[in-house]
Amino acid sequence: MLQRSSLRQPSRTADDCGADRGGLSYASMKLPTLLLLSWLLPQQVDPVSGQAGYRLSGPLTQGAVLFGETQPGASILLDGQPVMVDSEGRFLLGFGRDAEPQAVLEVTQPDGTRSRQTLSIARRDYAIERIDGLPPAKVTPPESVRQRIADDNAQVRRARALRELRNDFSNGFIWPAEGRISGVYGSQRVLNGQPRRPHYGIDIAAPTGSPVLAPAGGVVTLAHPDMYYSGGTLIVDHGHGLSSTFLHLDQIDVEVGQRVQQGEVIATIGATGRVTGPHLDWRMNWGKERVDPELLVPCRSRPARPCESKP
Ligand SMILES: [Zn+2]
């Protein structure tokens, strides 16, 4: 599935849970370690030589978040859109489920030196989930709730629009809950024969009342007890436009504006909204791009993707 090679890449796929992070568990490292390792280990992206003046770490695939470093004061465009760079030169790039095979990264250094590079984004194959025999109202919502759904969506969009130069992401991410993985990022859902939006979260099945931990530090930007589809819904912003959304919560233990630390209990798992049983649905966004949380945490085995044992 890696069908390109203008940049050197390992022969792995993003879906290959074990292989993907076996050698470079960047999610659990601090950024300086990460950047150091990005020089020592086989490169996922070539650290572009002197002239380009930036480094990237992370899998260059659909659904990925890449951690970057450049000179403080540099400006960066990804496909023509400005990317935040903090006072230490850190920045993030995120690629959605269906990201185009190529993205153009332009970096302008404080001294005016410019570079332009084409990044090749590996394509992933996503599962197709067919669910038949659902009551029609579960597949197509009744007219009476359309406005409520629109209001819910607007609140979520506003919460995810925050852009702050905090770097809460730089300590990496931990799993927010224990439990069996019952759904994964990107799968295409076909309900009663009708294609529906893909699933963008990772589902973790666990009993109602089980704790939800903050996977990284951040600031709470949305806490809603009962959205139509997602029930109890919580959003935590990790800085640079990277946020986590938690759905179907039973209880929410934090308030909008509150700072949370990695590992802190922020909510409990529930079965609120449109669900068939209690589980946590964890989603991540980089701005409007929906990215795959599973690429940011240590490998957790599931039947389709056992983790490889590390040497
Ligand atoms: Zn889900």
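The protein chain has 4 helices and 20 strands; helices (H or I, at least four residues) and strands (E, at least two) are DSSP runs, numbered from the N terminus. This is a predicted model, in which local features need pLDDT of at least 70, side-chain atom pairs count only at pLDDT 80 or more, and totals for chains, interfaces and linings use all residues. Residues are numbered from 1 along each chain as its sequence is written.

**Colour by confidence**

The mean pLDDT (the predictor's confidence in each residue, from 0 to 100) of the protein chain is 83, and 82% of its residues reach 70 or more. Now select residues 1-50, where the pLDDT is below 50. Where pLDDT is low, the predicted coordinates should not be read in detail.

**Select the open sheet**

Display β4, β3, β6 and β7, which form an open sheet in that order with antiparallel pairing. Two strands pair if DSSP finds at least two bridges between them. Strands β4 (81-83) and β7 (114-120) stand at the edges with a single partner strand each, so one side of each is left without a neighbour in the sheet. From one strand to the next, the twist averages 25 degrees; the axes are lines fitted to C-alpha atoms, and angles run from 0 to 180 degrees between N-to-C directions. Next, focus on β6 (residues 102-108), which is joined to β7 by 7 bridges. Valine 107 has serine 115 in β7 as its bridge partner.

**Select β8, β10 and β11**

Strand β8 (residues 128-131) pairs with β10 (residues 188-191) in the parallel sense over 4 bridges. Here isoleucine 128 stands opposite glutamine 188. Strand β10 also runs antiparallel to β11 (residues 194-196), with 3 bridges between them, and leucine 191 stands opposite glutamine 194. Strands β10 and β11 form a hairpin with 2 residues between them, and asparagine 192 in the turn has a positive phi of about 50 degrees.

How values were computed:
Contact = placed C-beta atoms within 7 Å.
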